[in-house]
Amino acid sequence: MQNTRIYTMAFASVYPHYIQKAEKKGRTKFEVHEIIFWLTGYNEKSLQEILENRTDFQTFFEQAPRINPNVSLIKGVICGYRVEDIEDELMRNVRYLDKLIDELAKGKKMEKILREE
């Protein structure tokens, strides 16, 4: 998995696609934010700064206040790879976010997406 180009991409360039994917399936921007906050520890204010500053994915994850300790509960395939088997930590975190947004778009309940059950 050598698609490291994502590391230098601005989070703000992919963020609208997360929102669009969720809204197309009847979910909300608020739910996308809830997932981002759960995964990274960011809040509304810090997310807005990231979007305005066009922070890249590498910095987005490296400066995350707290990667949720329950990320190891995220399992499954995203983009043809099992997320739990991705060795590169940064790529794994990117794919965790992709997986959670996919689960949202597929209609999973937030409690399950946020691994509360």
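This is a predicted model: local features need pLDDT of at least 70, side-chain atom pairs count only at pLDDT 80 or more; totals for chains, interfaces and linings use all residues.
Helix α2 (residues 11-24) and helix α4 (residues 44-53) have axes that come within 7 Å and cross at roughly 120 degrees. The salt bridges number seven, and three of them are described below: Asp102 with Lys21, Lys108 with Glu103, and Glu103 with Arg115.

**Packing of α2 against α4**

- Two packed helices are described by the angle between their axes and the distance between the axes.
- For α2 and α4 the angle is roughly 120 degrees, and the axes come within 7 Å.
- From α2, the residues in this contact are Phe11, Ala12 and Tyr15; from α4, they are Leu47, Ile50 and Leu51.
- Sorted by class, the contact has six nonpolar residues, no polar residues and no charged residues.

**The two faces of α4 and its ends**

- An α-helix has 3.6 residues a turn, so residues three or four places apart point the same way.
- Ser46, Leu47, Ile50 and Leu51 are the buried residues of α4.
- These residues lie on the same side of α4, because the arc they cover around the axis is only 140 degrees.
- Lys45, Glu52 and Asn53 are exposed and sit on the face of α4 turned away from its buried side.
- At the start of α4, the backbone nitrogen of Lys45 has a side-chain oxygen of Asn43 within 3.1 Å.
- Arg54 follows α4 and has a positive phi, near 55 degrees.

- Side chains of opposite charge can pair when their charged atoms come close.
- Asp102 and Lys21 form a salt bridge through their side chains, with an N to O distance of 2.2 Å.
- Asp102 belongs to helix α6 (residues 89-105) and Lys21 to helix α2, so this pair links distant parts of the chain, 81 residues apart.
- Asp102 has a relative accessible area of 15%, which means that this residue counts as buried under the 20% cut-off.
- Lys21, at a relative accessible area of 36%, is partly exposed.

- The side chains of Lys108 and Glu103 meet at 3.7 Å, N to O.
- The side chains of Glu103 and Arg115 meet at 2.7 Å, N to O.
- Because Glu103 lies in helix α6 and Arg115 in the segment after α7 (110-113), their pair ties together parts that are 12 residues apart in sequence.
- Glu103 is buried, with a relative accessible area of 6%.
- Arg115 is also buried, at 13% relative accessibility, whereas Lys108, at 34%, counts as partly exposed.

**Phe57 in α5**

- Phe57 is located in helix α5 and is buried, its relative accessible area being 0%.
- Which residues is Phe57 in contact with, leaving aside its neighbours within four places in sequence? They are Ile6, Tyr7, Met9, Ala10, Phe11, Val14, Tyr18, Leu90 and Val94.
- Phe11, one of these contacts of Phe57, is also among the α2 residues that meet α4.
- The C-alpha atoms of Phe57 and Glu89 are 12 Å apart in space, and the two residues are 32 residues apart in sequence.

- Arg95 is a residue of helix α6 and counts as buried, at 11% relative accessibility.
- The side chains of Arg95 and Asp98 are joined by a polar contact of 2.7 Å.
- Lys112 is placed in helix α7 and counts as partly exposed, at 42% relative accessibility.
- Between the C-alpha atoms of Lys112 and Lys29 the separation is 18 Å, and these residues are 83 residues apart along the chain.

How values were computed. Residues are numbered from 1 along each chain as its sequence is written. Side-chain values use heavy atoms; hydrogens and water are left out. Axes are lines fitted to C-alpha atoms, for helices over the stretch in contact, and angles run from 0 to 180 degrees between N-to-C directions. Helices (H or I, at least four residues) and strands (E, at least two) are DSSP runs, numbered from the N terminus. Contact means heavy atoms within 4.5 Å. Ala, Val, Leu, Ile, Met, Phe, Trp, Tyr, Cys and Pro count as nonpolar, Asp, Glu, Lys and Arg as charged, and the others, Gly among them, as polar. A salt bridge is a side-chain nitrogen of Lys or Arg within 4 Å of a carboxyl oxygen of Asp or Glu. Buried means under 20% relative accessible area, exposed over 50%, partly exposed in between (1.4 Å probe, protein chains only). The arc is that of the directions from the helix axis to the C-beta atoms. A polar contact is a pair of N or O atoms within 3.5 Å; within protein, one must be able to donate a hydrogen and the other to accept it, and residues adjacent in sequence count only if both atoms are side-chain atoms.
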